Amino acid sequence: MTQALLGTSEINQICFVVKDIEKAAGAFATLLGIEKPNWFLTGTQEISQIVYNGVPTPARNKLIFINTPSVQIELIEPDQEPSTMRDFLNQQEGIHHVAVNTDDMKKQLALLGENGYGVIQTGEFTASKGRYAYVNTVPACKTMVELLERDEPQPIPPVKPRTADDPQPLLGTDTLTQIAVVVKDLDEAAEAYCALLGVEKPTVLKEGDSKITQVVYRGEPTEAKARFLFIKTPMIEIELIEPGDSPSTWKEHLETKGEGVHHISFHVKSMDEKIAILEEKGYPVIQKGNFFNGTGRYAYMDTTSDYHVIIELLEKFEA
């Protein structure tokens, strides 16, 4: 295991940048089975001290933090002032970054800089004592990484056990287990991720025999050729996908949207029931099939209208 350029492999947050944080809050409340959270407004420039591309900016954001049994979900609605979130939203809604904690921001940023990862934006927290920095990992990792440094420990509170009277998760679980990224060059992207996280490169896998996988993409059978790599981190798994030349949701994403985050995943029970629930809410199946080794199955649901990312359902077969 090599030194992690990020100083850790513990990704603890996934952030969605959205146009309407009220709508997004309602959608995630339904998905996760929680009360709709309230947003707060970040402080003025005197407090936040935001610097974007080397220039101070008065940008302010509406923010929501949602704790789950795995990673924290952050929702951001930026104002019109210059910021990395505003530039992102001018192009699309969706996952803007993942985040990690650091004990020494200056040290970590210097190390990242030496390895070609410059700083895009910095600022101070406005609800607690600490600071953040967005690092330009997009060219290599196809999404951004945020470093978080706190002056005082601020552990994420545990998710409270549910009672029968509490709202229930739409999918029967509120544990986000995976984030997946579609890339043109799997080996190149894997090298970047492994260096940042300080992990050894996992085995690269290929699509399984079509008699086993039985993939159906937009209603038609397909081989769904691709190369895959799974990086396990303490809280969430990272999947890298390099599409092949046969029809698939991954190939479609690469051709229409380019490289970037393709989906987030939840492990579920009674998949057919969960598919029906999502379809009833207007989220159709894009692609479904069995795992390459036949030990389970998956379904990609078109949830982009409300969640700005595809949600994948994963179900392991009973042994």
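Mentor: Let us start with β1 and strand β6 (residues 72-78), which pair in the parallel sense over five bridges; two strands pair if DSSP finds at least two bridges between them, and strands (E, at least two residues) and helices (H or I, at least four residues) are DSSP runs numbered from the N terminus. This is a predicted model, in which local features need pLDDT of at least 70 and side-chain atom pairs count only at pLDDT 80 or more, while totals for chains, interfaces and linings use all residues. Residues are numbered from 1 along each chain as its sequence is written, and side-chain values use heavy atoms, with hydrogens and water left out.

Trainee: Which residue is the bridge partner of Phe16 in β7?

Mentor: β1 pairs with strand β7 (residues 94-101) in the antiparallel sense, over six bridges. On the β6 side, Phe16 stands opposite Leu75. In β7, the bridge partner of Phe16 is Ile95.

Trainee: How many residues of β1 are buried?

Mentor: Buried means under 20% relative accessible area, with a 1.4 Å probe and protein chains only. β1 is largely enclosed by the rest of the structure, because the buried residues number seven of the seven.

Trainee: What geometry does the ring pair of Phe28 and Tyr307 have?

Mentor: Rings of Phe, Tyr and Trp (its six-membered ring) pair if their centres lie within 6.5 Å, and planes under 30 degrees apart count as stacked, over 60 as edge-to-face and the rest as tilted. By this rule the count comes to eight aromatic pairs. For Phe28 and Tyr307 the centres are 5.2 Å apart and the planes stand at 90°, so the pair is edge-to-face.

Trainee: Which strands stand at the edges of the open sheet of 10 strands?

Mentor: The order in this open sheet is β12-β15-β16-β11-β17-β20-β19-β18-β13-β14, with mixed pairing. Each edge strand has a single partner strand, so one side is left without a neighbour in the sheet, and these strands are β12 (205-206) and β14 (220-221).

Terms used:
Buried < 20%, exposed > 50% of the residue type's maximum accessible area, 1.4 Å probe, protein only.
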